[in-house]
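Please keep the sequence and the model at hand while reading.

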Amino acid sequence: MELRFPEAATPDDASIEVGRMLFAGETTFVKGVVAMDGLPPADRIEVCFAGRSNVGKSSLINALTGRKGLARASNTPGRTQEINFFTAGDIYVVDLPGYGFANAPVAVVEKWQRLLKQYLQGRQTLRRVFVLIDARHGAKAVDEEIMSLLDASAVTFQVVMTKVDKLRGDALAESLARTRAALVKHPAAYPELILTSAEKGEGIPTLRAIIAGIS
């Protein structure tokens, strides 16, 4: 049987260096956005990171940029309630509010979930969404809701497995198999998985190279 959604191949040395250089310069926080009319000018391509609350988006962005504390990490699900824009080289890197369970009032949760969907559907300069999936849990129903939204919006997304250092061997293989089975139903899914650990630095050079190669 043909393997669908294989792990991303290790980029060649030149691609890794291009990715390293993209994030070697200053990475700057631009603004946090709470409404669509607050978005910065759509004057460059952007990539964004989406995932369930506490999946590790902020930690991954910090590892990606090599700037500890650039994106605010929290042990409290749902802390990030804004769309946070950063510049890296000539692109925007965007940290989306976590979806799913959030330790916040229902009205607040609904507001930022609505903003998230409006952004994903309406940002013309958005080139790829990186959907983060915790390797310990695999894709859940709420992840598939976002994937379906991206399908309907014709926005290409690529799954980044986080915290892969917490699983090894058969347990990791089973988690990847479950994730691949979920992705088969989503035509907007990019056909490679990126395996990462922000804590150990695994997969970070590959992710940098992939982002640098997006145009």
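The sections below treat the basis of the model, the overall fold, the charges and selected salt bridges.

## Basis of the model

The model is predicted, with local features requiring pLDDT of at least 70 and side-chain atom pairs pLDDT 80 or more, whereas totals for chains, interfaces and linings use all residues. Residue numbers start from 1 along each chain as its sequence is written, and side-chain values rest on heavy atoms, with hydrogens and water left out.

## Overall fold

The chain contains 6 helices and 7 strands, which are DSSP runs numbered from the N terminus (helices: H or I, at least four residues; strands: E, at least two). Along the sequence their pattern is α-β-β-α-β-β-α-β-α-β-α-β-α. The radius of gyration is 16 Å, close to the 17 Å that the globule rule gives for 215 residues, so the chain is as compact as a globular protein of that length. This radius is taken over C-alpha atoms, and the rule is 2.2 Å times the number of residues to the power 0.38.

Of the 215 residues, 51% are buried; buried means under 20% relative accessible area, exposed over 50%, and partly exposed in between, with a 1.4 Å probe and protein chains only. Among contacts with a separation of 6 or more, 77% involve residues 24 or more positions apart, a contact being heavy atoms within 4.5 Å.

## Charges and salt bridges

The chain carries 26 positive and 24 negative charges, whose mean positions are 5 Å apart. Lys and Arg count as positive and Asp and Glu as negative, while His and the chain ends are not counted; each charge is placed at NZ of Lys, CZ of Arg, CG of Asp or CD of Glu. The whole structure holds 10 salt bridges, each defined as a side-chain nitrogen of Lys or Arg within 4 Å of a carboxyl oxygen of Asp or Glu.

## Selected pairs

Arg 123 and Glu 46 form a salt bridge with an N to O distance of 3.0 Å. Arg 123 lies in the loop between helix 3 (106-122) and strand 5 (126-134), and Glu 46 in strand 2 (residues 46-51), 77 residues apart. Both Arg 123 and Glu 46 are buried.

In a further salt bridge, the closest N and O atoms of Lys 163 and Asp 134 are 3.8 Å apart. Lys 163 is in the loop between strand 6 (157-162) and helix 5 (169-183) and Asp 134 is in strand 5, so the pair ties together parts 29 residues apart in sequence. Lys 163 is partly exposed at 22% relative accessibility, whereas Asp 134 is buried at 2%.
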